[in-house]
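My entries follow in the order in which I checked things.

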Amino acid sequence: MSKKSLPYIIGLPNLGVGLLWAMNLTLIPMLVATFNVSNTKTGLLITMGSFTGIFVQYISGVLSDRSNFKMGKRKPFMLMGTIVTTISMCFLPFAPSYGSLFAIAFIFYFSLNFYQGPYYSLIPETVEESQLGLANGFSKVVSVLGGAFIFIMGPLLWDSTSSLNKNHSLPFFVSAVLGILTVIITLALIKEKKTVRAAAKPAKLAFDFYKYPSAMKLFTAIFFIYLGYGSITPYFVKYCVNNLNLSADTASFSLLLLTITGAIFAYPLGVLSDKIERKTVMLFGAVIFVIAIAAGIFVTGATGLYAVMCLIGIGFIAIQVTSYAILAEVVPPDRLGEFMGIFNFFVSISQFISGLLMGVLLDSIGYKVFFPLSGLWIAIAVIILWASSINKSEKTDFTC
């Protein structure tokens, strides 16, 4: 395997990740709706994705840090998680009741998060630091393509099985095949570096991540960024329909524009982050995000909405392609999986909190808080990034 092809091969599994999480916005809500349950029960099932993300990626990251299989540290956990994810996804459309669907969905979300932690740790451990931005950028491109596939083909496959009076299993089977194939191809072609499988185990588990200032600054900034993002996404379509008097199709198209814009800019922004300071690219993304949110306050029609969503797409993808790479630079290499799990804890808990908080505020105050509150959270992240120095040297400065 040549060094030039590594950033592309290692990015392939993210197609499956993007595809499977996109199901959470389309196919899974459609499946839950077939049981005629309340919005509360629908929301409870769907939020299991964020809930399990709070702790599962940390668990799999810590376990993989401390493993020493012949196959490698990360690959066995990716394989186990992928197999369980695929099996549980295939069982979803056959659930006879809401209760059984909830139980299968919990396993699905748990296993999906389980393999993500080791996978995101494998990327910086496999490619050279000078290609890390390229690898992250390409992985985001394929993630977006996977999501776009589900947004477009998912409903079509659902309708095709519906016309045949089937149980809507076809889109779930297709997604399962695509998801597991990308992981198997990567696992077959990629070899973990021998230094990653060193016999010496990391120090005894200690919740001492607060002793790494640069990592804590990154975690704090990410927490506020995803507070803002998590405030918008669950209620965006309702905001467009109820507050802007736009159709649901118009709102969905604007989300597709966000996705497409992210796909277009992910690769060049990833390459740019290899050439200049990655924090600068991340700060640029956060600033663009704030500008877009501020502009969103004054949007009244579809054209303005499309422009705002394209800007959000640029800003958010700049944050995504740099944040994991920055984390890999500032934490101990032998604890990368653990810190990736902590990183995802901040991502998941912030969206869990903001989704619930925004729901309460929209019910009690109204849609006038929608964009201003989201913009405030991300503005705080901009201040944190602007005022913070993030030093690569920390991964060797502190000895456990």
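I count a salt bridge when a side-chain nitrogen of Lys or Arg is within 4 Å of a carboxyl oxygen of Asp or Glu. The model is predicted, so I took local features only at pLDDT of at least 70 and side-chain atom pairs only at pLDDT 80 or more, while totals for chains, interfaces and linings use all residues. Residues are numbered from 1 along each chain as its sequence is written, and side-chain values use heavy atoms, with hydrogens and water left out.

**Salt bridges.** I searched the whole structure and found five salt bridges. Side chains of opposite charge can pair when their charged atoms come close. I looked up Asp65 and Arg74, which form one of these bridges with the closest N and O atoms 2.9 Å apart. Arg74 also pairs with Glu125, where the closest N and O atoms are 2.6 Å apart. Glu125 lies in helix H7 (residues 98-126) and Arg74 in the loop between helix H5 (48-65) and helix H6 (75-91), so this pair ties together parts that are 51 residues apart in sequence. For helices I used DSSP runs (H or I, at least four residues), numbered from the N terminus. I noted Asp65, Arg74 and Glu125 as a salt-bridge network.

Are these residues buried or exposed? I call a residue buried under 20% relative accessible area, exposed over 50% and partly exposed in between (1.4 Å probe, protein chains only). Asp65 is buried at 3%, Arg74 is buried at 0% and Glu125 is buried at 11%.

I then checked Asp274 and Arg278, whose side chains meet in a salt bridge at 2.6 Å, N to O. Asp274 is partly exposed at 22%, whereas Arg278 is buried at 6%.

**Helix H13.** Arg278 is listed among the buried residues of H13, which also include Val281, Leu283, Ile288 and Phe289.

**Nonpolar cores.** I define a nonpolar core as a set of buried Ala, Val, Leu, Ile, Met, Phe, Trp, Tyr and Cys residues joined through side-chain atoms within 4.5 Å. The largest core has 103 residues, and those with the most contacts inside it are Leu45, Leu92, Ile222 and Phe370. A second, separate core has seven residues, among them Ala266, Leu269, Val281 and Ala318. In soluble globular proteins, nonpolar side chains tend to be buried together.

Which residues does Leu92 touch? Taking contact as heavy atoms within 4.5 Å, and leaving out residues up to four places away in sequence, I listed Leu31, Leu101, Ile104, Ala105, Phe108 and Phe172.

**Ser169.** Ser169 sits in the loop between helix H8 (132-163) and helix H9 (170-189). Ser169 is buried, with a relative accessible area of 12%. By the count that skips residues up to four places away in sequence, Ser169 touches Pro93 and Phe94.

**Phe55.** I found Phe55 in helix H5, partly exposed with a relative accessible area of 30%.

Conventions: Helix = DSSP H or I, 4+ residues; strand = E, 2+ residues; numbered from the N terminus.
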